[in-house]
Amino acid sequence: MQQSLIKLFNIEESKSYAIIGNSKNAGKTTVLNKLIKDISDEKKRSAVSSIGWDGEIVDRVYKTEKPAIIIPKKSFVATCKELLPINSSLFKIHEDTGIETILGSIYIVEALHDMKVEVVGPRDLRSTKNLIDNLKKYADYIILDGALNRSTSASSMVTDGFIFSIVYSGKESLTEFEKNIRLFYEKFSKFEIASREKFKLEYKIDLDEMLNRNLVTYGSENNVTFLDFQNPIHNEEKLLSIENKIDWIYLPGAITDIMIEKLSNFFVDITIIIDDWTKNFLSLRAINILKNRNCKIYYLFNSKLIGITVSTWSGSKYIKSLPSEVISIVKSIFQNYPVVDLFYN
């Protein structure tokens with residue numbers, strides 16, 4: 001990629017951005033390295049962290065080679081001491097954040113020279129948000145690298161925007177590929193946002209109170225009930241035993257196909273409220289089932305997609321010449337967003 005991603009994706013200073021992918025080997029690390037190099041070229045400072053464990057040379061899940069994360073001179077990284085280079089002259093530790101991981105505490109580190117590094121970040125959203133706020137003291141841009149099956153970093157509760165890296169592996173047909181990408185687009189963009197005004201006027205509830213309690217909550221005819229659990233799957237009998245008509249229900253966790261299947265008699269003529277699209281794990285079939293049962297899904301928070309990268313993975317390496325059909329499919333779906341070939345010239 002030759003063009004600056006800062007300009008191409010309209011990336012703003014003092015903001016935080018996540019990079020997520022549709023699957024493993026989607027090119028997130030390649031995008032990350034390009035982005036932090038662009039920031040360095042602009043004489044600005046970036047700070048990098050992760051959800052999960054990133055930057056290893058060999059992927060711990062698939063045992064395939066991965067590009068290393070390269071932190072430019074005068075840029076920052078948040079990771080554990082154990083993963084920093086052996087040569088301590090390459091970096092300066094600024095702060096122990098006190099955020100614990102499986103490898104110990106996360107430190108905020110400045111690169112004194114360009115250096116390769118592995119990155120371990122927080123596992124929970126609250127710690128991730130606290131870390132991002134802390135990193136803003138040091139850097140102009142905050143970049144959060146995602147991990148396998150983790151889109152939560154793209155939530156507006158955590159970051160200000162996200163880049164979506166799409167890979168076509170060739171193991172699926174182009175029809176199936178298009179179906180999966182359209183499902184992502186529908187989850188991200190096709191559901192309404194339930195505003196604070198809507199909660200106050202229509203649902204008669206304080207949104208902040210509901211979020212702070214973090215419990216399954218339902219309402220009907222101006223009455224609001226907080227239940228004593230977070231996961232409906234393990235408490236289906238309590239929900240199914242409710243006799244009064246329910247207009248809406250708030251689920252503090254994710255909504256899944258299993259939930260719809262187990263509580264099939266409950267999800268009829270009801271509005272389902274979840275935090276945002278990253279909590280929507282429904283298949284297209286489950287979404288259509290809810291639509292046929294006159295169920296609506298509302299999100300509490302919106303997320304800002306700033307751009308898409310596309311690549312092709314052969315199973316062992318990236319194919320530099322992207323099939324025209326793949327890029328055409330993605331551009332036809334994301335018509336209002338910048339879409340680029342990960343290895344375009």
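The model is a predicted one, in which local features need pLDDT of at least 70 and side-chain atom pairs count only at pLDDT 80 or more, while totals for chains, interfaces and linings use all residues. Residues are numbered from 1 along each chain as its sequence is written, and side-chain values use heavy atoms, with hydrogens and water left out.

1. The sheet as a whole. An open sheet is formed by 6 strands in the order β12-β17-β16-β15-β13-β14, with mixed pairing. At its edges stand β12 (192–193) and β14 (223–226), each of which has a single partner strand, so one side of each is left without a neighbour in the sheet. Helices (H or I, at least four residues) and strands (E, at least two) are here DSSP runs, numbered from the N terminus, and two strands pair if DSSP finds at least two bridges between them. Strands of a sheet pair through backbone hydrogen bonds, either parallel or antiparallel.

2. The parallel pairings. β12 pairs with strand β17 (residues 296–299) in the parallel sense over 2 bridges, and within this pairing glutamate 192 is opposite tyrosine 298 in β17. Strand β17 also pairs in the parallel sense with strand β16 (residues 271–274), over 4 bridges, and here isoleucine 272 has isoleucine 297 of β17 as its bridge partner.

3. The antiparallel pairings around β13. Strand β13 (residues 217–220) pairs with strand β15 (residues 248–250) in the antiparallel sense over 3 bridges, and glycine 219 has tryptophan 248 in β15 as its bridge partner. With β14, strand β13 pairs in the antiparallel sense over 4 bridges, and serine 220 is opposite asparagine 223 in β14. The two strands β13 and β14 form a hairpin with 2 residues between them, and in the turn glutamate 221 has a positive phi of about 50°. From β13, Thr217 and Gly219 point one way, whereas Tyr218 and Ser220 point the other way, and all are buried; buried means under 20% relative accessible area, exposed over 50%, and partly exposed in between (1.4 Å probe, protein chains only).

4. The nonpolar cores. A nonpolar core is a set of buried Ala, Val, Leu, Ile, Met, Phe, Trp, Tyr and Cys residues joined through side-chain atoms within 4.5 Å. The largest nonpolar core has 69 residues, of which Phe162, Phe164, Ile249, Phe267, Ile272, Ile308 and Phe334 touch the most other members. Helix α4 (residues 174–189) gives the most to this core, with 6 residues. Apart from this core lies another, of 30 residues, among them Ile11, Val31, Ile36 and Phe91. If residues up to four places away in sequence are not counted, phenylalanine 267 touches Met259, Ile260, Ile272, Leu290, Arg293 and Cys295, where contact means heavy atoms within 4.5 Å.

5. The helix pair. Helix α4 packs with helix α10 (residues 324–333) at an angle of about 25°, and their axes are 10 Å apart; axes are lines fitted to C-alpha atoms, for helices over the stretch in contact, and angles run from 0 to 180 degrees between N-to-C directions. The helices α4 and α10 are therefore roughly parallel to each other, a term for angles under 35 degrees, with those over 145 counting as roughly antiparallel, 65 to 115 as roughly perpendicular and the rest as oblique. On the α4 side, Leu174, Phe177, Glu178, Ile181, Arg182 and Tyr185 meet Glu325, Val326, Ile329, Val330, Ser332 and Ile333 in α10.

6. Tyrosine 337. This residue is found in the loop between α10 and β19 (339–341), and tyrosine 337 counts as partly exposed, at 24% relative accessibility. Leaving aside neighbours within four places in sequence, tyrosine 337 is in contact with Tyr185, Phe188, Leu305 and Ile308.

7. Two residues with positive phi. Serine 14, in the loop between α1 (5–8) and β1 (15–21), has a positive phi of about 65° although it is not a glycine, and at 53% relative accessibility serine 14 counts as exposed. Asparagine 25, found in the loop between β1 and α2 (28–41), has a phi near 60°, a positive value in a residue other than glycine, but asparagine 25 is buried, with a relative accessible area of 15%.
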